[in-house]
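These entries record what I looked up in one structure. I began with a single residue and then turned to the aromatic rings.

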Amino acid sequence: MANISSTTVFIVILLLCVSAAVAATAKLRSPAANICKSLVETQGYICQEHKVTTKDGYVLGVQRIPMGRSANKTANNKPPVLLQHGLLLDAATWLLGSPDEALGFILADHGFDVWLSNTRGTASSRGHAWLNPQDPEYWEWSWDELAEYELPALFEYVYHQTGQKLYYVGHSLGTLNAFVALSKGKLVNMLRSAAMLTPVAYLGQMTSPAFRKTILVRCSRVYSKGDVAKLLQFVCLKAEINCSDTFTVITGPNCCIKKSTVDSFLGIEPQSTATKNVIHLSQMIRRGTLTKYDYGNVYENVKSYGQITPPAYNVKSIPKDVPLLLSYGGKDTLTVVNDVKILLEDLRDHKADKLVLQYRDDYAHFDFIVGYNANKLVYDPLIAFFMLH
């Protein structure tokens, strides 16, 4: 696999900082059109809107597709599957394309009870028990909280609604949340098996020592849309990169995405996230580690963790009999092959019949969720994996 240049690393982090800064400082746009009405019911499926409240007060919007188009309307006991999107995305990403292409629809038509989650801060999940999205405190979270509070709340809700253990599909950040939660013993008793598309546990192969300091300075100094535009224009010109091709700049050369899908995707995304979340990811990139958020000073770390450095998560602690499917691509510049190899080393003692790998040499990061041929190359093997586990 080709080496990732330091310039590409910087561009990736810069664009993430741009997205987070705009979300955190600009007036939040009004919630997007109801996902059920705009993307699901128009395709002929039944869709339900649910609300899930986490222990730290966030109210999450969740969409449910309880059955496929041709299913018996009175059918019960369909196995539930929870789909968790990645960074700067929402549940809509599982619904782009025709019913024969989009994973949310494909799973419903294969007899699954499909649940689509939306991370806090996205258009469907702006509620909170005592905070407002305009409050700075509302955005005081990173993926630590997503693994600690959000994913367990979603699992518990679906489990209690259906009375069944869940299948799980995560993409990118949605895999990181799951790995961390599983490593802490969460979710295990409610999980059947998990499919991790572009699995993230380590991001160190994206880093460059020359830009470690620059990354944090840039993130902390992006405040307005005007600043963002000027900074992005400067970096793109200096790097001689066509930043109009956002997909390629951020994720690598996706091989198999239709232009119509890209247009639909960009009409909905990116969604909001917390600047703290992006900084936490940048810490992973610069250090090549998997730890809790580093506050950058001894006092805050000791206050939060009882030690001067943030504690590490241990992927090796994931129970060895949890069925896992890891699906990754050779052209992905976010979830790069060498980082996946580190993850696989951590999982080397996993039961052989419980760990399945799928490698697509031509796939980049977004091919796995909106690729026109992912239905055959990724989703058919994914469903077969669920049927076995």
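Which residues does Glu148 touch, not counting residues up to four places away in sequence? I found that Glu148 touches Lys184 and Lys186. I note here that the model is predicted.

Entry 1: I located Glu148 in helix H4, which covers residues 143-162.

**Entry 2: helix H5.** Asn177 is one of the buried residues of H5. I then checked the helix as a whole, residues 173-183, and found 11 of the 11 residues buried, so H5 is largely enclosed by the rest of the structure. Among the buried residues I listed Leu173, Leu176, Phe179, Val180 and Leu182. Just after H5, I recorded a positive phi of about 85° at Gly185.

**Entry 3: aromatic pairs.** I noted that the structure holds 14 aromatic pairs. Tyr45 lies in the loop between helix H2 (35-40) and strand S1 (48-53), and Phe105 lies in helix H3 (residues 103-109), so the pair ties together parts that are 60 residues apart in sequence. I looked up the accessibility of both residues: Tyr45 is buried at 3%, and Phe105 is buried at 0%.

I next examined Trp115 and Tyr157, whose ring centres are 6.0 Å apart with planes at 75°, so this pair is edge-to-face. The pair links distant parts of the chain, 42 residues apart, with Trp115 in strand S4 (residues 113-117) and Tyr157 in helix H4. Helix H4 is also where I had placed Glu148. Trp115 is buried, with a relative accessible area of 0%, whereas Tyr157 is partly exposed at 22%.

I also found a cluster in which ring pairs link Phe112, Tyr167, Phe385 and Phe386.

**Entry 4: charges over rings.** Which residue lies over the face of Tyr58? I identified Arg120, at 3.9 Å from the ring centre. For Tyr293, I recorded Lys276 over the face of the ring, at 4.9 Å from its centre.

Notes:
Residues numbered from 1 in each chain as written. Predicted model: local features only at pLDDT ≥ 70, side-chain atom pairs only at ≥ 80, totals over all residues. Heavy atoms only, no water. Helix = DSSP H or I, 4+ residues; strand = E, 2+ residues; numbered from the N terminus. Contact = heavy atoms within 4.5 Å. Buried < 20%, exposed > 50% of the residue type's maximum accessible area, 1.4 Å probe, protein only. Phe/Tyr/Trp six-rings, centres within 6.5 Å; stacked < 30°, edge-to-face > 60°. Lys NZ or Arg CZ within 6 Å of the ring centre and 35° of its normal.
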